[in-house]
Amino acid sequence: MNAWTWLIQRISALVLLIVLGLHIWFLHFAHSGEVLHYSEIIKRLGTPIFLTLDILLLIFGLYHALYGVYSVFLDFGFGFKTRVLVLGLMIVAGIGFLGLGIYGFWVFIF
Amino acid sequence: MPSNETALSLAFRAKTQVWTTIGMWAWILHRLTGLGLVLYIFIHIVLMSSSLLRGQQAFDAMLTLLMRHPVFEVFDRLLLGAVLYHSFNGIRILLFDLGVGIGVRSQKVLFWVFVAIAATLWVWSIAVKF
Amino acid sequence: MAEELSVKVFRFNPDSDVAPEFHDFQFPSFKNMSILDVVMHIQNYLDKTLSFRFSCRVGMCGSCAMYINGRPRLACRTQVSSLSTQKITLMPLPNFPIIRDLVVDMEPFFEKWKKIKPYYVPKKEMTEPAIVPPGAKEREFIDDMLDCITCGACYSACSMVATNEEFLGPAILNRAYTLIADKRDAIRVERLKVVDRSFGVWRCHTQFNCAEVCPKSIVPTKSIQNLKRRCVLRKFGIRK
């Protein structure tokens, strides 16, 4: 299990470098700090590319973040039962925030 | 009888770490920025989703607050700094995973190179009024 | 020219003391004085109750490792002059239980050592003596990693060992690699499975403190990174 989750962590890092970079670029640099309006967001999220990018960001961002947090937790050497509990928490948090994020995009997906 | 309590005491452990290496600080900063960014991502998802769902007016009001209020302007710059550090030190770590630069000296060189790039990008971003 | 040294030494006897203390000693240094000379001087002339370990005096046995001015080092191989200060602070190696003063209990370290079966197990199908020729690249690659004298300095320097008592640690993982990388060995996969655990290789975050303090200039990080690669490749069926 460890080798797989670690590998996906590294892959998510690469994906994030690209996707997060684009995200920050488009939202902040591409139109020199003008306040973003709902209408622009609607237009963007209406296109499959931007919607895909944002969903990728959501999935890989959450994975990378929660793997990182779990990694820090593991560094403190807690016992098996505690580890299982916290792992469960991470998975629940991941699914929860992913669900919330997708729900926010609901209108644009359907 | 060996004493584990003393060896395990926080004071003893804190005092006997190796604080004088680049690797130690690179790791600490990576961890701190990481944890900070995790907190941010949770808040960001909740905020953005709820704002989108509440409709045009609520969304625009939230965005105006986030992109214009002076506190958030400072916060955004710190956030960018954290993202840049974590990203570039992350690239350094990916290089280690590919077998590149794994030496006492080379890992330090890599650190400074990437920090320099990240710092340059950060300063430039602030200069162009990020 | 003799300089006046100011030495602070960690003192603690778990059987009689409630808490550790630092004792101060002042005395002149002599040319080429090492930290081992420092503690010998204290024990011979100033306080005969000071406890510390040493044996070979020449950096081969690994007995005299202690925490000297901010890092784990071998006392016999640390010249006072190299510290660039007259203020010296001596503490026992961190991440080990303390027996007394500067002497630590190496048991937990060697218990972990045993977990990776730190000895060559010959493959039955190879005709003995199975030889990897001296000039071979694969031998060259692990040659430096074989120099480990189990002094414990790397284990002490690692922050991951400090926070996680179960983590195998740099020295053990380095030794595991030298055997796993040996194509003559019969139980490589078994060893790989031992290190491919949450408290094995995956707790290393490439901090490099281990490599910085190793008196034999070994870079355990390199061994560990190679182990991680093997763990991943094994999942894809490569490098069984």
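Predicted model: local features only at pLDDT ≥ 70, side-chain atom pairs only at ≥ 80, totals over all residues.
Local features require pLDDT of at least 70, side-chain atom pairs count only at pLDDT 80 or more, and totals for chains, interfaces and linings use all residues. Residues are numbered from 1 along each chain as its sequence is written, chains are lettered from A in the order in which they are written, and side-chain values use heavy atoms, without hydrogens and water.

**Two residues**

Ala3(A) is part of helix H1 (residues 2-29) of chain A; helices are DSSP runs (H or I) of at least four residues. Ala3(A) counts as buried because its relative accessibility is 1%, where buried means under 20% relative accessible area with a 1.4 Å probe, protein chains only. Beyond its neighbours within four places in sequence, its contacts (heavy atoms within 4.5 Å) include Asp196(C) and Trp202(C).

Ser198(C) lies in the loop between helix H7 (188-195) and helix H8 (209-213) of chain C. Not counting residues up to four places away in sequence, Ser198(C) touches Asn2(A), Leu74(A) and Arg203(C).

**Cavities**

The whole structure holds two cavities of 30 Å³ or more. On a 1 Å grid over the protein atoms alone, a cavity is a set of points where a 1.4 Å probe fits but cannot get out, and lining residues have an atom within 4 Å of a point.

| Cavity | Volume | Lining residues |
|---|---|---|
| Largest | about 130 Å³ | 16 residues, Cys148(C) among the closest to the centre |

H6(C) gives the largest share of the lining of the largest cavity, three residues.

Methods: Helix = DSSP H or I, 4+ residues; strand = E, 2+ residues; numbered from the N terminus. Buried < 20%, exposed > 50% of the residue type's maximum accessible area, 1.4 Å probe, protein only. 1 Å grid on protein atoms, 1.4 Å probe; cavity = no way out; pocket = protein on both sides within 12 Å on 5 of 7 lines; lining within 4 Å. Points joined across faces, edges and corners; volume = space filled by probe spheres on them.
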